[in-house]
Amino acid sequence: MVVEHKLTKEATDRFTTVDGVSIHYNEAGEGPALLCFHGGGPGANAWDNTKHNIDAFSEHFRTLLVDLPAYGESDKTMKLGDTPLDVSWARTVIGLMDQLGIDKAHLFSSSQSGPMSLRMGIDYPDRVGKIILQSSGAGGGRLMFQPSPPEGIKALGVFAQNPTRENMEKMMHLFIPNDELCTEEVIEARYQAAIRPGHLEARAEFSAAKNSDLTSLIGKLQAEVLIVWGHQDRMVPLEGAFRALAQIPNAQLHVWGGGVGHFIEYERADEFSRLAIDFLTH
């Protein structure tokens, strides 16, 4: 069951500039800060990623849903150069925290933004509380028991090369295996976000392949980490969950069965919100 959200995008929309880069975010609530980030597929953005959890989260935290550069309504002209993606995004988020007077924050990252949150925990340990990773880890190695790349990742590439509504529909059904949850509304919202001017070009600049392999550094991470995964994830198969659990020093893993795919925070919104809040507040 999908949880309806009362807070609206329009009421929570915010913009600021970090080192000359425009950053869009949605903000609600008071208390300890919780920053929520999206994944890296075409059309990914923070509001659609975590809008079904913002009501619950904002009852406990100063909650920010942050569009990272190249995504959503944030800047699409920034260049990475030789800087790894996780390092660049981490610097941007630390800059955002400085702008907003946030000394320390919990982090929720989905998929491609996971290495950024781990990088923040390694490089800025005093600024990071606990970390929740959805379908993400420290990187390194190849899948042993699944085709590489997975069928979902192939679909991302097909859409990026030929951004049609039909290809978006195919991609979203791989993200969300349950057809009842993969609605026309969900598909259309993602499609419109994907064809936002400049996004697909900027996304190519900020590709997942430009994340660092953190396996040699992850032992330095002090933050507690909750890893969450869907057993039918066709983007980042479940095999990756056990690798992440083995790599990350102070981690626990929660796996959903029942046909749950890549978007746990949407597909099991109420359960995920309760689990996340319990982890972050205890």
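Reader: How many helices and strands does the protein have?

Author: Twelve helices and eight strands. Helices are DSSP runs of H or I with at least four residues, strands are E runs of at least two, and both are numbered from the N terminus. This is a predicted model: local features need pLDDT of at least 70, side-chain atom pairs count only at pLDDT 80 or more, and totals for chains, interfaces and linings use all residues. Residues are numbered from 1 along each chain as its sequence is written, and side-chain values use heavy atoms, with hydrogens and water left out.

Reader: What share of the residues is buried?

Author: 56% of the 282. Buried means under 20% relative accessible area, exposed over 50%, partly exposed in between, with a 1.4 Å probe and protein chains only.

Reader: Helix α5 next. How many of its residues are buried?

Author: Nine of the ten in α5 (residues 114-123), so the helix is largely enclosed by the rest of the structure. Among the buried ones are Pro115, Met116, Arg119 and Met120.

Reader: What covers them?

Author: The cover includes β3 (33-37), α4 (85-99), β5 (105-110) and β6.

Reader: At what angle do α4 and α5 pack?

Author: About 65°, with the axes 8 Å apart. Axes are lines fitted to C-alpha atoms, for helices over the stretch in contact, and angles run from 0 to 180 degrees between N-to-C directions. On the α4 side, Asp86, Val87, Trp89, Ala90, Val93, Ile94 and Met97 meet Pro115, Met116, Arg119 and Met120 of α5. Contact means heavy atoms within 4.5 Å. By class, that is nine nonpolar, no polar and two charged residues. Ala, Val, Leu, Ile, Met, Phe, Trp, Tyr, Cys and Pro count as nonpolar, Asp, Glu, Lys and Arg as charged, and the others, Gly among them, as polar.

Reader: Switch to α6 and α7. How do their axes cross?

Author: At roughly 160°, coming within 9 Å, for α6 (residues 151-161) and α7 (residues 165-175). That makes α6 roughly antiparallel to α7, a label for angles over 145 degrees. The contact uses residues including Leu156 and Phe159 of α6 and Met171 and Phe175 of α7. The contact residues divide into eight nonpolar, two polar and one charged.

Reader: Where is Gly137, and what does it touch?

Author: Gly137 sits in the loop between β6 (128-134) and α6. Leaving out residues up to four places away in sequence, Gly137 touches Pro115, Leu118 and Ala244. Gly137 is buried, at 16% relative accessible area.

Reader: Asp19 and Ser111: buried or exposed?

Author: Asp19 is exposed, with a relative accessible area of 76%, in the loop between β1 (13-18) and β2 (21-28). Ser111 counts as buried at 15%, in the loop between β5 and α5.

Definitions and conventions
Parallel < 35°, antiparallel > 145°, perpendicular 65-115°, else oblique.
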